[in-house]
2 protein chains.
Amino acid sequence: MSYPHSVKNLIAEFSKLPGIGPRTAARFAFNLLRRSENDLKLLGNAILDLKKKTRICKNCFNISENELCEFCSNPKRDRGVICIVEEAMNIPAIENTKQFNGLYHILGGVIRPNEGIGPNDLNIKGLLQRIKNGKINEIIIATNPNTEGETTALYLVKILKPLNLKITRLARGLATGSDLEYADEMTISSALAGRREYR
Amino acid sequence: MSYPHSVKNLIAEFSKLPGIGPRTAARFAFNLLRRSENDLKLLGNAILDLKKKTRICKNCFNISENELCEFCSNPKRDRGVICIVEEAMNIPAIENTKQFNGLYHILGGVIRPNEGIGPNDLNIKGLLQRIKNGKINEIIIATNPNTEGETTALYLVKILKPLNLKITRLARGLATGSDLEYADEMTISSALAGRREYR
């Protein structure tokens with residue numbers, strides 16, 4: 001079975017998206033085949049235009065339409081606290097809590113020795129520069145709670161510790177609404193180690 | 001949190017793909033932000049070009065680069081057997097078995113009363129025309145084994161029966177490699193009803 005070239009080509013391109021195999025890619029392609037020419041233009045042009053109006057915030061490496069992103073350019077945000085995240089797309093999760101009013105720093109990934117990604121591939125120089133230039137009271141490390149995220153967090157702690165800063169890490173423990181019965185050992189261990197006293 | 005306009009726009013467009021919510025759409029967008037301008041062009045243009053070189057086979061409604069699709073134009077295929085499928089993307093599953101050498105007919109969907117999709121919205125007229133024009137020995141109904149697929153199959157049987165054709169349906173039963181313990185009642189009922197005698 002050979003699909004027409006333009007269909008095969010689109011399936012190959014869709015398959016490059018994260019988590020998309022050839023079957024889902026084919027489903028996307030056939031969905032688009034049923035849609036109007038105008039619909040295809042909307043999606044196609046959205047992709048072609050993606051990078052034209054966006055750039056990287058020169059302070060925190062967030063994506064932005066201006067030299068400084070919406071957080072770095074906002075005078076109401078607390079410049080003394082920096083929350084370090086792996087990717088810009090981690091920011092909404094933190095913003096949605098409405099509990100954080102500092103600035104961010106986007107690492108642009110995590111240390112992955114297997115894939116040859118080391119500290120020099122992350123936006124760490126810029127972070128050190130920010131710490132040097134500004135009065136930072138606290139650095140919150142919010143990398144993901146998995147092996148790579150932890151490795152990266154430990155590396156960051158190692159290089160930031162000598163700078164005499166308050167360095168914190170998002171708490172590990174039971175997720176709200178989860179079930180003790182189904183929680184994994186690591187999570188319960190973290191919940192035990194981080195237990196808090198009722199006062 | 002407001003992403004730059006071009007990012008938000010792309011997330012909205014990706015969210016229109018089947019099974020894609022705003023989070024996965026955002027993951028796609030951020031994946032593309034990390035890729036090269038050239039990569040974006042490949043995907044964007046593949047979408048814009050999708051319909052330019054494809055059309056619908058005038059015989060079976062498959063997607064095609066020519067007036068007739070690769071099956072309808074292939075002299076080695078048996079013109080006396082038509083396998084009716086819901087969508088062109090169901091064809092590879094049947095072709096991969098290498099057990100079918102007839103032609104196809106693509107319905108272009110199934111009857112969905114809730115969504116106002118009736119028989120007139122499917123490519124049924126063209127099917128009746130094909131049956132009228134050619135010597136058809138057998139019609140194999142290969143709609144999906146779910147409620148809509150079954151409803152559509154029953155409708156097809158009703159209108160095809162008076163034409164004195166052999167009409168068959170793909171067998172229902174236990175999937176190869178599946179486990180009796182986990183099979184649902186309907187599947188086991190079908191397997192019982194369709195049981196075959198050892199000879």
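Two residues are in contact if their C-beta atoms, placed from the backbone, lie within 7 Å. Helices (H or I, at least four residues) and strands (E, at least two) are DSSP runs, numbered from the N terminus. In these terms, A:L42, A:L43, A:A46, A:I47 and A:D49 of α3(A) meet B:S6, B:N9, B:L10 and B:E13 of α1(B).

This is a predicted model, in which local features need pLDDT of at least 70 and side-chain atom pairs count only at pLDDT 80 or more, while totals for chains, interfaces and linings use all residues. Residues are numbered from 1 along each chain as its sequence is written, and chains are lettered from A and ligands numbered from 1 in the order in which they are written.

Axes are lines fitted to C-alpha atoms, for helices over the stretch in contact, and angles run from 0 to 180 degrees between N-to-C directions. A crossing is left-handed if the near helix is turned anticlockwise from the far one by less than a right angle, and right-handed if clockwise.

| Helices | Axes come within | Crossing angle |
|---|---|---|
| α1(B) (residues 5-14) and α2(B) (residues 22-34) | 8 Å | roughly 125° |
| α3(A) (residues 37-49) and α1(B) | 9 Å | roughly 145° |

The crossing of α3(A) and α1(B) is left-handed. Residues are classed here as nonpolar (Ala, Val, Leu, Ile, Met, Phe, Trp, Tyr, Cys and Pro), charged (Asp, Glu, Lys and Arg) or polar (the others, Gly among them). By this scheme, the contact of α3(A) with α1(B) comprises five nonpolar, two polar and two charged residues.

Within chain B, the crossing of α1(B) and α2(B) is right-handed. Angles under 35 degrees count as roughly parallel, over 145 as roughly antiparallel, 65 to 115 as roughly perpendicular and the rest as oblique; α1(B) and α2(B) are therefore oblique to each other. On α1(B) the contact is made by B:V7, B:L10, B:I11 and B:F14, and on α2(B) by B:P22, B:A25, B:A26, B:F28 and B:A29. The residues of this contact are nine nonpolar, with no polar and no charged ones.

**Contact between the chains**

Chain B and chain A each give 43 residues to the contact. On the side of chain B that touches chain A, at least two residues each come from α1, α2, α3 (37-49), β2 (63-64) and α4 (91-95) of chain B. The largest share of that side, 10 residues, belongs to α3(B). Its residues divide into 23 nonpolar, eight polar and 12 charged.

**The sheet of chain B**

Two strands pair if DSSP finds at least two bridges between them. Four strands of chain B form an open sheet with parallel pairing, in the order β4-β3-β5-β6. Its edge strands, β4 and β6 (166-169), each pair on one side only. Neighbouring strands are turned by 25° against each other on average, direction ignored.

Strand β3(B) (residues 78-85) pairs with β4(B) (residues 102-106) over five bridges in the parallel sense. Here B:D78 stands opposite B:G102, and B:I84 stands opposite B:H105. β3(B) also pairs in the parallel sense with β5(B) (residues 138-141), over four bridges, and B:V81 stands opposite B:E138 in this strand.

**Domains of chain A**

Domain bounds come from an automatic or database domain assignment. Chain A is divided into domain 1 (5-49) and domain 2 (79-169), and the centres of these two domains, taken over C-alpha atoms, are separated by 35 Å.
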